[in-house]
Amino acid sequence: MTASPIVLVPGYWLGAWAWDDVVATLRADGHDVTALTLPGLDAVDTDRSAITFADHVDAICAVVEAAGTPVVLAVHSGAGAVGYAATDRGPEQIAAMVYVDTGPATDPLDVRLTVDELLMPPLEVLGPDESLAGLTDEQLATFVERAVPEPGGVVRGSAELVDDRRLDVPTTVICTTIPADHLQEGIANRELWVGGLAEIRDVTCVDLPTGHWPMWSRPDDLAAVLSGIARSQVS
């Protein structure tokens, strides 16, 4: 084996399809890649009322365990929290952790949310213009068409972190909308979404300037970063 297997987890409202361009590039380069659709994100008409934060962690851990060898686990956006919880569940099964424009949140992202599902807001509300940077009209239309509500139980959930071995998992943050130097400010200020970065012992930041969805705006460049990490983890 010349590289660790790669597991890709999309953020809110997205399924495995969001990684299609990155997966194609990585597989063409010889990588073993699995993209994951988390519970409740498969279809708009799925019942999400009983899906919990732990269900998403379980789903990630099941794919990681099935690989049979330590993987590079890459999580995007809102999946940062469940991804970090997965490193606590089985740190020995993760060769490296990658946060794509996100971080290891340690607290609920919205504990006040009371509904069963979080709808994706309209594009004009979704974020500032820079978050959509680099996306074509066709990509935006596909995003809107294929978006699935996020389970409310995941948004307001969190995990108790108990295994300090997670702190030694080599970690890379791919900084797209927030440059690496600004990320350091967020760590110093203990901002919610980067909470765990202050405690992880091996953190590298990589600037990849673009919007919040680099798997669409810069898929080949994102794949190249992931490829390098996967190959660096094989002794």
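Reader: What is the order of the strands in the open sheet, and how do they pair?

Author: In this predicted model, the open sheet has six strands in the order β2-β1-β3-β4-β7-β8, and the pairing is parallel. The edge strands are β2, residues 33-35, and β8, residues 203-207, each of which pairs on one side only. If direction is ignored, neighbouring strands of this sheet are turned against each other by 20 degrees on average.

Reader: How many bridges join β1 to β2?

Author: Strand β1, which covers residues 6-9, is joined to β2 by three bridges, and the two run parallel. Within this pairing, Ile6 stands opposite Val33 in β2.

Reader: And which helices lie on that sheet?

Author: Helix α1, residues 20-28, lies across β1 and β2, and it runs at about 170 degrees to β2. Helix α7, residues 180-188, also packs on the sheet, where it touches β7 (171-175) and β8, and its direction makes about 140 degrees with that of β8.

Reader: Let me go to β3, then. Are its residues buried or exposed?

Author: Six of the six residues of β3 are buried, so the strand is largely enclosed by the rest of the structure. As background, the side chains of a regular strand alternate between the two faces of the sheet. In β3, Val71, Leu73 and Val75 point one way while Val72, Ala74 and His76 point the other way, and all of these are buried.

Reader: Switching to helices: at what angle do α2 and α3 pack?

Author: Helix α2, residues 53-66, and helix α3, residues 80-89, pack at an angle of about 60 degrees, and their axes are 9 Å apart. That angle makes α2 oblique to α3, and the crossing of the two helices is right-handed.

Reader: Which residues make that contact?

Author: From α2 the contact uses Phe53, Ala54, His56, Val57, Asp58, Ile60 and Cys61, and from α3 it uses Ala81, Val82, Gly83, Ala85, Ala86 and Arg89.

Reader: How many residues of α3 are buried, and what do they pack against?

Author: Nine of the 10 residues of α3 are buried, which leaves the helix mostly covered. Among them are Gly80, Tyr84, Thr87 and Asp88. The buried residues of α3 pack against α2, β3 (71-76), β4 and α6 (152-155).

Reader: On to the rings. How many aromatic pairs are there?

Author: The structure holds five aromatic pairs. One of them is formed by Phe143 and Trp216, which is edge-to-face, with 5.0 Å from centre to centre and 65 degrees between the planes.

Reader: Where do those two residues lie?

Author: Phe143 lies in helix α5, residues 137-146, and Trp216 lies in helix α8, residues 214-217, so the pair ties together parts that are 73 residues apart in sequence. Both Phe143 and Trp216 are buried, and for Trp216 the relative accessible area is 10%.

Reader: Why is the pair of Trp213 and Trp216 stacked?

Author: The ring planes of Trp213 and Trp216 are at 10 degrees, with the centres 6.5 Å apart, so this pair counts as stacked. Trp213 counts as buried, at 5% relative accessibility. Together with Trp17 and Phe143, these two tryptophans form one aromatic cluster.

Reader: Last topic, the backbone. Which residues have a positive phi without being glycine?

Author: Trp13 has a positive phi of about 75 degrees although it is not a glycine, and Asp101 has a positive phi near 50 degrees. Trp13 lies in the loop between β1 and α1, whereas Asp101 lies in the loop between β4 (94-100) and β5 (117-118).

Reader: Are they buried or exposed?

Author: Trp13 is buried, with a relative accessible area of 11%, and Asp101 also counts as buried, at 9% relative accessibility.

Note on methods:
Residues numbered from 1 in each chain as written. Predicted model: local features only at pLDDT ≥ 70, side-chain atom pairs only at ≥ 80, totals over all residues. Heavy atoms only, no water. Pairing = 2+ DSSP bridges. Helix = DSSP H or I, 4+ residues; strand = E, 2+ residues; numbered from the N terminus. Axes fitted to C-alpha atoms, helices over the stretch in contact; angles between N-to-C directions. Contact = heavy atoms within 4.5 Å. Phe/Tyr/Trp six-rings, centres within 6.5 Å; stacked < 30°, edge-to-face > 60°. Buried < 20%, exposed > 50% of the residue type's maximum accessible area, 1.4 Å probe, protein only. Parallel < 35°, antiparallel > 145°, perpendicular 65-115°, else oblique. Left-handed = near helix turned anticlockwise from the far one by under 90°.
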